[in-house]
Amino acid sequence: MRDLATGFGYLLKGQRWVARHGGRYGFGLLPGLITLVLYGVALVSLALWGPDLVGWATPFADDWSSPWQGLFRGFLTVVLFALGLLLAVLTFTAVTLLIGQPFYDSLSESVDRDVSPDGTAPESGLPLWRELWVSARDSLRILMRALVWGLLLFALGFLPFVGQTVVPVIGFFVTGFFLTEELAAVALQRRDVELRARLGLLRSRRMLVWGFGTPLGLAFLVPFVAVFLMPGAVAGATLLARDLLGEEITDDDQDPGNPEDGENRDGGDEARRDAQITR
C-alpha cells in the first residue's frame with residue numbers, strides 16, 4: 001500500500017517541477033491544447049448524433065411501446081457516450097504525446113538532468129522520424145489493449161448493480177495503468193526499454209502505477225484539466241520511470257512513500273533485470 005502514496009507523490013512532484021520551471025511548462029501546454037480541441041469536437045459530435053446512431057443500431061426496438069423504447073435507447077445512448085469518454089481519457093495521453101513528442105521528450109530530458117547525480121540524461125540516439133514511428137507504433141499497440149478492456153467493461157456495464165458500481169471502479173484503475181504506461185514511455189523509450197519490458201515493469205509495481213495514474217485519470221475527466229496537468233504528468237512519470245529502473249533521484253524527498261530508502265519493492269527487481277536484458 002505504501003507504493004500508492006509513492007506513486008501519488010511522483011504525480012505531485014512532477015507538477016511542482018514544472019511550476020518551478022515556468023518556461024518548460026508553457027512549452028508543454030501547446031500539444032494538449034491541440035488535442036483538446038480535436039477531442040472536444042469528437043465528443044460534442046457524439047453527444048449530438050449519438051441518439052441517431054443508437055436508433056439506427058436498434059431497429060428491433062422501433063415497434064416498442066412507450067416508455068420502454070425511450071428508456072432502452074436512452075440508456076444505450078448514455079452508455080455509448082460513457083464509452084466514448086472512457087476511450088477519450090485512455091487515448092488522450094497517447095495522442096497528445098504523439099503530437100508533442102519533441103516537446104515532451106525535451107521536457108523529460110530536462111527532468112532527468114535535474115535529478116540525476118551526474119547531471120546527465122539518457123538519449124535514444126534515434127532521428128526524430130524514428131522516434132515518432134516507435135511512439136506511434138507502441139501507442140497503437142497500447143490502444144488495442146485499451147480497446148479490449150473498454151469493450152469488456154462496456155459489456156459488463158449491462159450487469160445489474162455490478163455494472164453501475166464495480167465496473168466504473170475497475171475502469172478507473174485500467175485507465176490509470178494505461179495512462180502511466182503512455183507517460184512513462186517518454187522516459188523509458190529514451191532508455192531503449194521495449195514495450196513488453198515496460199509493461200513488465202509496470203505490472204511489477206501495480207500499486208505504484210495506480211497511485212500515479214488513477215488520480216490523474218480522474219482529474220482528466222474534468223474539462224480542460226488534462227491540458228494543464230500534462231507537462232507535470234510527463235515530469236512525474238520521468239521520476240517514476242527512474243524509480244522503476246532503480247536509478248538514483250537526487251532530491252530531498254526522493255521517495256514520497258518511503259523516504260528512508262529508494263529500494264524496489266513487490267517483485268520490481270526481477271522485472272527490472274528483464275528490462276535491462278532487452279535494452
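Ala, Val, Leu, Ile, Met, Phe, Trp, Tyr, Cys and Pro count here as nonpolar, Asp, Glu, Lys and Arg as charged, and the others, Gly among them, as polar. By these classes, the lining of the largest cavity has four nonpolar, four polar and four charged residues. The model is predicted, so local features need pLDDT of at least 70 and side-chain atom pairs count only at pLDDT 80 or more, while totals for chains, interfaces and linings use all residues. Residues are numbered from 1 along each chain as its sequence is written, and side-chain values use heavy atoms, with hydrogens and water left out.

**Aromatic pairs**
- Five aromatic pairs are counted, where rings of Phe, Tyr and Trp (its six-membered ring) pair if their centres lie within 6.5 Å, and planes under 30 degrees apart count as stacked, over 60 as edge-to-face and the rest as tilted.
- Trp64 and Phe72 form a tilted pair, 5.0 Å centre to centre with 45° between the planes.
- The rings of Phe173 and Trp210 have their centres 5.2 Å apart and their planes at 70°, so this pair is edge-to-face.
- Phe173 is partly exposed at a relative accessible area of 34%, and Trp210 is partly exposed at 25%, the term covering values between buried (under 20%) and exposed (over 50%), with a 1.4 Å probe and protein chains only.
- Ring pairs also join Phe60, Trp64 and Phe72 into a cluster.

**Cavity lining**
- Residues lining the largest cavity include Leu97, Ser135, Glu181 and Arg198, lining residues being those with an atom within 4 Å of a cavity point, on a 1 Å grid over the protein atoms alone where a 1.4 Å probe fits but cannot get out.

How values were computed
On a 1 Å grid over the protein atoms alone, a cavity is a set of points where a 1.4 Å probe fits but cannot get out, and a pocket is an open set with protein on both sides within 12 Å along at least five of seven lines; lining residues have an atom within 4 Å of a point.
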